[in-house]
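Please read it alongside the sequence and the structure shown below.

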Amino acid sequence: MEQLAREFECFREGLGCYTGPPISTLPVPAVKPIHLKARPVPFALEAEVGAELDRMVADGILEPTNESAWATPIVVVKKAGGGIRICGDYKSTVNKAVLPETYHMPTIDEAFAKLAPVHTLSKVDLVKAYNQVPICDLTSHLCTITTHQGLYKFKRLPFGVNVAAIRFQRLVSELLKGIKGKRSGGPIR
């Protein structure tokens, strides 16, 4: 087990980080940057939101910044198991400016058809999955959030950007492409 832990980063503590090239998302050239002010955070959540921002900085997800042409207010989401998730309200800024992308997301029928000959299944739980994928510097400035504590730019793929799901699915599909199935021996497509 120790050999596996040394060989593969997936067995270490803390948030993982994809080591391939960072994701790049660019705005439509004619769109002017949108800089919105921070929304008030309920007093009862201020400490929890501040602690979560500090944790995200410590994990390398966010980086404080003093200026940005783009600024998106945050939305605080209560998680079912307790705690909070901080997301940018990108529908009011970035999602208006980024070109939509297309990628064939497999339907449930397509997924089951590929799984039909498989004998053994495994589950991979990617904690904070998007936040494990780095983004380029220009995209980082585009995804800047504004909070009651100031501006933070994302260094990893944030939740809420309209192309995030497509980009993440494409990345995972590429990483898993060609893995042989247990029973069928055929590659996963």
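When the whole structure of this predicted model is searched, one cavity of 30 Å³ or more is found. The largest cavity has a volume of about 30 Å³, and its lining includes Thr139, a residue of helix H5 that is taken up again below.

**Cavity and its lining**

- Rolling a probe the size of a water molecule over the atoms shows where empty space is left.
- The residues that line the largest cavity are Thr25, Thr139, Leu142, Cys143, Leu157, Val161 and Val163.
- Sorted by class, this lining consists of five nonpolar and two polar residues, with no charged residues.

**Thr139 in helix H5**

- Thr139 belongs to helix H5, which covers residues 137–142, and the residue counts as buried because its relative accessible area is 2%, under the 20% cut-off.
- Once neighbours within four places in sequence are set aside, Thr139 is in contact with Ile23, Ser24 and Thr25, and Thr25 is also one of the residues lining the largest cavity.

**Asn95 in helix H3**

- Asn95 is located in helix H3, residues 94–97, and a polar atom of its side chain lies 3.1 Å from the backbone oxygen of Gly160.
- Not counting residues up to four places away in sequence, Asn95 touches Tyr90, Gly160, Val161 and Asn162; of these, Val161 is also among the residues lining the largest cavity.

**Gly50 in helix H2**

- Gly50 is part of helix H2, residues 46–58, and it counts as buried because its relative accessibility is 5%, which is under the 20% cut-off.
- The C-alpha atoms of Gly50 and His148 are separated by 8.6 Å, although the two residues are 98 residues apart along the chain.
- With residues up to four places away in sequence not counted, Gly50 touches both His148 and Gln149.

**Helix H6**

- The buried residues in H6 include Ala164, Ile166, Arg167, Phe168 and Leu171.
- An α-helix has 3.6 residues a turn, so residues three or four places apart point the same way.
- H6 is followed by Gly178, a residue whose phi is positive, near 90 degrees.

Methods. Residues numbered from 1 in each chain as written. Predicted model: local features only at pLDDT ≥ 70, side-chain atom pairs only at ≥ 80, totals over all residues. Heavy atoms only, no water. 1 Å grid on protein atoms, 1.4 Å probe; cavity = no way out; pocket = protein on both sides within 12 Å on 5 of 7 lines; lining within 4 Å. Points joined across faces, edges and corners; volume = space filled by probe spheres on them. Nonpolar A, V, L, I, M, F, W, Y, C, P; charged D, E, K, R; others polar. Buried < 20%, exposed > 50% of the residue type's maximum accessible area, 1.4 Å probe, protein only. Helix = DSSP H or I, 4+ residues; strand = E, 2+ residues; numbered from the N terminus. Polar contact = N/O pair within 3.5 Å; in protein donor to acceptor, adjacent residues only side chain to side chain. Contact = heavy atoms within 4.5 Å.
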